[in-house]
Amino acid sequence: MQLQSGGSGDDANRFAVLAHLSYDKEDPFAVTATFSHDGRVLARWRLAREMLAEGLRRPVGEGDVRFSPRYARGWHELRMDFYGEHKGDGARHHAVVHAWAPAVERFLEETYRVVAPGDEQVEVDSFLSELLANG
């Protein structure tokens, strides 16, 4: 995957990052994406699995995370925009990650083998117990 700083659209600002996607059936609606460079974790995001899949087909997201498909230079990419905290000048920190879409699709297919879309279940009672115990 490639990270593009600032989101300007200029390919000169791109550099490669290692992205590790993981899925846990105990949290069936989420995918965890960990981005690292030179052995250092740059960011870790919990992403909605359904939103990630939708982002391969059409632009999705309105808040801190947005996905959209991109077709360039014979490649099908997934553009992932991540917005962070506000900077002193009022703008927000912004990073763009470009991922090879077929790799993301294969990852999602593997998650569907673990928990099929529509079969996700969350143990609400245990979640509420944990929430109240920590509150």
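Patches are made of residues with over 30% relative accessible area and no salt bridge; like charges are joined within 9 Å, nonpolar side chains (Val, Leu, Ile, Met, Phe, Trp, Tyr) within 5 Å. A salt bridge is a side-chain nitrogen of Lys or Arg within 4 Å of a carboxyl oxygen of Asp or Glu. Accessible areas come from the Shrake-Rupley method with a 1.4 Å probe, and for residues only the protein chains shown count as cover.

The model is predicted: local features need pLDDT of at least 70, side-chain atom pairs count only at pLDDT 80 or more, and totals for chains, interfaces and linings use all residues. Residues are numbered from 1 along each chain as its sequence is written, and side-chain values use heavy atoms, leaving out hydrogens and water.

**Exercise 1. Locate the nonpolar surface patch and classify Leu131.**

Step 1. Leu128, Leu131 and Leu132 form the patch, with about 310 Å² of accessible area together.
Step 2. Leu131 sits in helix H3 (residues 124-134); helices are DSSP runs of H or I with at least four residues, strands are E runs of at least two, and both are numbered from the N terminus.
Step 3. Leu131 has 47% relative accessibility, so Leu131 is partly exposed. The classes are buried (under 20% relative accessible area), exposed (over 50%) and partly exposed (in between), with a 1.4 Å probe and protein chains only.

**Exercise 2. Describe the setting of Ser68.**

Step 1. Strand E6 (residues 65-72) holds Ser68.
Step 2. Ser68 is buried because its relative accessibility is 8%.
Step 3. Its side chain makes a polar contact with the side chain of Arg70 at 3.1 Å. Such a contact is a pair of N or O atoms within 3.5 Å; within protein, one must be able to donate a hydrogen and the other to accept it, and residues adjacent in sequence count only if both atoms are side-chain atoms.
Step 4. Beyond four places in sequence, Ser68 is in contact (heavy atoms within 4.5 Å) with Gly55, Arg58, Pro59, Glu77, Leu78 and Arg79.
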